[in-house]
Amino acid sequence: MNIEPKCYGLLAGVSIYEGEERKALSAAKKDLSLMRQALADGLKFDPDNIRVLGEDGNVKAKSFARALSEFE
(Lines give C-alpha, C1' and ligand atoms only; values in the text may rest on other atoms or scores of the structure.)
Protein backbone atom coordinates (compact mmCIF):
# COMPACT_ATOMS: atom_id res chain seq x y z
CA MET A 1 0.00 0.00 0.00
CA ASN A 2 1.44 3.39 -1.02
CA ILE A 3 0.22 6.25 1.15
CA GLU A 4 1.19 9.76 0.10
CA PRO A 5 2.20 12.00 3.00
CA LYS A 6 0.02 15.02 3.69
CA CYS A 7 1.65 18.41 3.42
CA TYR A 8 0.54 21.36 5.50
CA GLY A 9 1.35 25.03 5.20
CA LEU A 10 1.02 27.80 7.75
CA LEU A 11 1.74 31.25 6.38
CA ALA A 12 2.10 34.12 8.83
CA GLY A 13 2.37 37.62 7.45
CA VAL A 14 3.57 40.08 10.04
CA SER A 15 3.89 43.60 8.72
CA ILE A 16 2.93 45.65 11.76
CA TYR A 17 5.27 45.65 14.73
CA GLU A 18 3.79 46.73 18.05
CA GLY A 19 5.99 48.87 20.24
CA GLU A 20 8.59 49.24 17.53
CA GLU A 21 9.49 52.31 15.56
CA ARG A 22 9.72 50.37 12.33
CA LYS A 23 7.77 51.15 9.21
CA ALA A 24 5.04 48.64 8.32
CA LEU A 25 5.88 46.33 5.44
CA SER A 26 3.68 47.21 2.50
CA ALA A 27 3.92 43.99 0.46
CA ALA A 28 3.15 41.41 3.17
CA LYS A 29 -0.47 40.86 2.10
CA LYS A 30 0.54 40.30 -1.53
CA ASP A 31 3.35 37.99 -0.41
CA LEU A 32 0.85 35.86 1.52
CA SER A 33 -1.33 35.51 -1.54
CA LEU A 34 1.60 34.57 -3.77
CA MET A 35 2.97 32.04 -1.27
CA ARG A 36 -0.46 30.43 -0.88
CA GLN A 37 -0.73 30.16 -4.65
CA ALA A 38 2.78 28.69 -4.88
CA LEU A 39 1.96 26.03 -2.28
CA ALA A 40 -1.34 25.09 -3.91
CA ASP A 41 -0.44 25.35 -7.59
CA GLY A 42 3.30 24.78 -7.64
CA LEU A 43 3.80 22.25 -4.84
CA LYS A 44 0.28 20.75 -5.10
CA PHE A 45 -0.65 21.29 -1.45
CA ASP A 46 -4.31 20.60 -0.77
CA PRO A 47 -5.80 24.12 -0.33
CA ASP A 48 -7.65 22.84 2.76
CA ASN A 49 -4.23 22.17 4.34
CA ILE A 50 -3.02 25.75 4.03
CA ARG A 51 -3.70 28.30 6.78
CA VAL A 52 -3.03 31.99 6.24
CA LEU A 53 -2.64 34.37 9.17
CA GLY A 54 -1.86 38.06 9.21
CA GLU A 55 -3.71 39.37 6.21
CA ASP A 56 -4.29 42.45 8.35
CA GLY A 57 -0.55 42.65 9.12
CA ASN A 58 -0.77 41.28 12.64
CA VAL A 59 -0.49 37.74 14.01
CA LYS A 60 -1.28 36.95 17.63
CA ALA A 61 0.33 34.00 19.41
CA LYS A 62 -3.08 32.57 20.29
CA SER A 63 -4.27 32.52 16.65
CA PHE A 64 -0.95 31.00 15.56
CA ALA A 65 -1.27 28.19 18.13
CA ARG A 66 -4.92 27.62 17.16
CA ALA A 67 -4.01 27.34 13.48
CA LEU A 68 -1.31 24.78 14.28
CA SER A 69 -3.73 22.73 16.36
CA GLU A 70 -6.19 22.58 13.45
CA PHE A 71 -3.78 20.47 11.40
CA GLU A 72 -4.41 16.74 11.75
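**Contacts and layout of a predicted chain**

L25 touches V14, S15 and Y17, leaving aside residues up to four places away in sequence; a contact here means heavy atoms within 4.5 Å. The structure is a predicted model, in which local features need pLDDT of at least 70 and side-chain atom pairs count only at pLDDT 80 or more, while totals for chains, interfaces and linings use all residues. Residues are numbered from 1 along each chain as its sequence is written, and side-chain values use heavy atoms, with hydrogens and water left out.

L25 is a friendly place to start. This leucine sits in the loop between β1 (9-12) and α1, where helices (H or I, at least four residues) and strands (E, at least two) are DSSP runs numbered from the N terminus. L25 is partly exposed, with a relative accessible area of 46%; buried means under 20% relative accessible area, exposed means over 50%, and partly exposed lies in between (1.4 Å probe, protein chains only). Eleven residues separate L25 and V14 along the chain, and their C-alpha atoms are 8.1 Å apart.

Together with Y17, these two residues form a nonpolar patch on the surface, with about 230 Å² of accessible area. Patches are made of residues with over 30% relative accessible area and no salt bridge; like charges are joined within 9 Å, and nonpolar side chains (Val, Leu, Ile, Met, Phe, Trp, Tyr) within 5 Å. The areas come from the Shrake-Rupley method with a 1.4 Å probe, and for residues only the protein chains shown count as cover.

The view can now widen to the whole chain. Its secondary structure comes to two helices and two strands, which follow the pattern β-α-β-α when read along the sequence. The C-alpha trace spans about 55 × 25 × 15 Å along its principal axes. A compact globule of 72 residues would have a radius of gyration near 11 Å, but this chain has 14 Å; the radius is taken over C-alpha atoms, and the globule rule is 2.2 Å times the number of residues to the power 0.38. Of the 72 residues, 25% are buried. The chain exposes about 5800 Å², and carbon and sulfur atoms supply 53% of that area. Among contacts with a separation of 6 or more, 60% are between residues 24 or more positions apart.

Which residues make up the largest nonpolar core? Its six members are L11, L32, L39, A40, F45 and I50. The largest share, three residues, comes from helix α1 (residues 28-42). Such a core is a set of buried Ala, Val, Leu, Ile, Met, Phe, Trp, Tyr and Cys residues joined through side-chain atoms within 4.5 Å. With residues up to four places away in sequence not counted, L11 touches L32, M35, R36, L39, I50, R51, V52 and L53.

Helix α1 also holds K30, which is exposed with a relative accessible area of 59%. K30 and E55 are 25 residues apart in sequence and 8.9 Å apart in space, C-alpha to C-alpha.

The contacts of N49, not counting residues up to four places away in sequence, are C7, Y8, G9 and F71.

How many salt bridges does the structure hold? There is one, with a salt bridge taken as a side-chain nitrogen of Lys or Arg within 4 Å of a carboxyl oxygen of Asp or Glu. The bridge joins E70 to R51, and the closest N and O atoms are 3.0 Å apart. This pair links distant parts of the chain, 19 residues apart, with E70 in helix α2 (residues 61-70) and R51 in strand β2 (residues 50-53). E70 is partly exposed, with a relative accessible area of 43%.
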